[in-house]
Amino acid sequence: MSIRALPLIAIVLILYNLIVFTLGSAGVAPDATGGEEQGILRVAMVVIPMLNNPAGWTFTWGDLLILLLLITLFVEILKATYTATTALVDHGLSMLVFIVCLIEFLMVKEAQTSVFFFITVATAIDVIAGYTIGIRVARRDIGFGGLSQ
C-alpha cells in the first residue's frame, strides 16, 4: 500500500484529539468564579497587530486546525483525480475516517464543537468528491459511448 492511499484529513482528526484530550477541554465551561473558562481551541496562539484594530487579530488553536483542514482537503481533492488502485483504497479509508468523525461528533462531548463539526463536514466532502471525481475521471479515461462531454 502506498502512502498516497492514506487520507490526510485523518492527520487533522488525530491532531484535534491530541490537542483536546491532552491540553484541555474543547468547549467553554463555567469556572469557580461564575465566569466562563476558555477551552483550548479558543486560546490565542498568536496576536497580530492590525492597522485599524489595536487589539489585533487573534489566531487560535481552532483556527490552526481549520487552516490545516482546508489545506488537506485541497490535497485530498487533487488525489481524487488519480485512477490508480491506491485511489480505491484512499476512497475506502476516507469513508472510514468520515464514519469515525460522525460517531465521535455524536458520542464524545469534547468533539461537539464547531471546529470538529467542520472536520466532519470536510471528511464528508472528501468522500463525496472522491467518488464523484473518480467516476468522472474514469469515464473520461475509458470513453463510454464514444461521445465527448
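This is a short talk on one predicted model, going from the overall fold to a few of its details.

Let me start with the chain as a whole. The chain has four helices and four strands. Starting at the N terminus, the order of elements is α-β-β-β-β-α-α-α. Of the 149 residues in the chain, 32% are buried.

Now helix 1. Helix 1 covers residues 9-23, which is 15 residues, and its span from first C-alpha to last is 21 Å, close to the expected 21 Å. Which residues of helix 1 are buried? They are Ile-9, Ala-10, Val-12, Leu-13, Tyr-16, Asn-17, Ile-19 and Val-20. An α-helix has 3.6 residues a turn, so residues three or four places apart point the same way. Keep that in mind when you look at the list of buried positions in the structure above. Just after helix 1 comes Gly-24, with a positive phi of about 145 degrees.

Please hold on to Tyr-16, one of the buried residues of helix 1, for the next part.

The next part is the aromatic residues. The structure holds five aromatic pairs. In one of them, the ring centres of Phe-105 and Phe-117 are 5.8 Å apart and the planes meet at 50 degrees, so this pair is tilted. What does the pair tie together? Phe-105 belongs to helix 3 (residues 85-107) and Phe-117 to helix 4 (residues 114-142), so the pair links parts that are twelve residues apart in sequence. Are these two rings on buried or exposed residues, or something between? Phe-105 is partly exposed, at a relative accessible area of 23%. Phe-117 is also partly exposed, at 39%. One aromatic cluster is formed by Tyr-16, Phe-105, Phe-116, Phe-117 and Phe-118.

Thr-113 sits in the loop between helix 3 and helix 4. Its relative accessible area is 13%, so Thr-113 counts as buried. The side chains of Thr-113 and Tyr-16 are joined by a polar contact of 3.0 Å. A polar atom of the Thr-113 side chain also lies 3.2 Å from the backbone nitrogen of Phe-116. Both Tyr-16 and Phe-116 are members of the aromatic cluster.

Back to helix 3. Helix 3 has 23 residues and reaches 34 Å from its first C-alpha to its last, close to the 33 Å expected. The buried residues in helix 3 are Ala-87, Asp-90, His-91, Ser-94, Val-97, Cys-101 and Glu-104.

How many cavities of 30 Å³ or more does the structure hold? It holds one. The largest cavity has a volume of about 40 Å³. Its lining consists of Arg-4, Lys-79, Tyr-82, Thr-86, Ala-87 and Asp-90. Helix 3 gives the most to this lining, with three residues. By class, the lining has two nonpolar, one polar and three charged residues.

One last detail, on the strands. Gly-56 is in the loop between strand 3 (44-48) and strand 4 (57-60). Gly-56 is buried, with a relative accessible area of 11%. From Gly-56 to Val-46 is ten residues in sequence and 9.6 Å in space, C-alpha to C-alpha.

Technical notes: Residues are numbered from 1 along each chain as its sequence is written. This is a predicted model: local features need pLDDT of at least 70, side-chain atom pairs count only at pLDDT 80 or more; totals for chains, interfaces and linings use all residues. Side-chain values use heavy atoms; hydrogens and water are left out. Rings of Phe, Tyr and Trp (its six-membered ring) pair if their centres lie within 6.5 Å; planes under 30 degrees apart count as stacked, over 60 as edge-to-face and the rest as tilted. Helices (H or I, at least four residues) and strands (E, at least two) are DSSP runs, numbered from the N terminus. Buried means under 20% relative accessible area, exposed over 50%, partly exposed in between (1.4 Å probe, protein chains only). A polar contact is a pair of N or O atoms within 3.5 Å; within protein, one must be able to donate a hydrogen and the other to accept it, and residues adjacent in sequence count only if both atoms are side-chain atoms. The expected span of a helix is 1.5 Å times one less than its number of residues. On a 1 Å grid over the protein atoms alone, a cavity is a set of points where a 1.4 Å probe fits but cannot get out, and a pocket is an open set with protein on both sides within 12 Å along at least five of seven lines; lining residues have an atom within 4 Å of a point. Grid points are joined across faces, edges and corners, and a volume is the space filled by probe spheres set on the points. Ala, Val, Leu, Ile, Met, Phe, Trp, Tyr, Cys and Pro count as nonpolar, Asp, Glu, Lys and Arg as charged, and the others, Gly among them, as polar.
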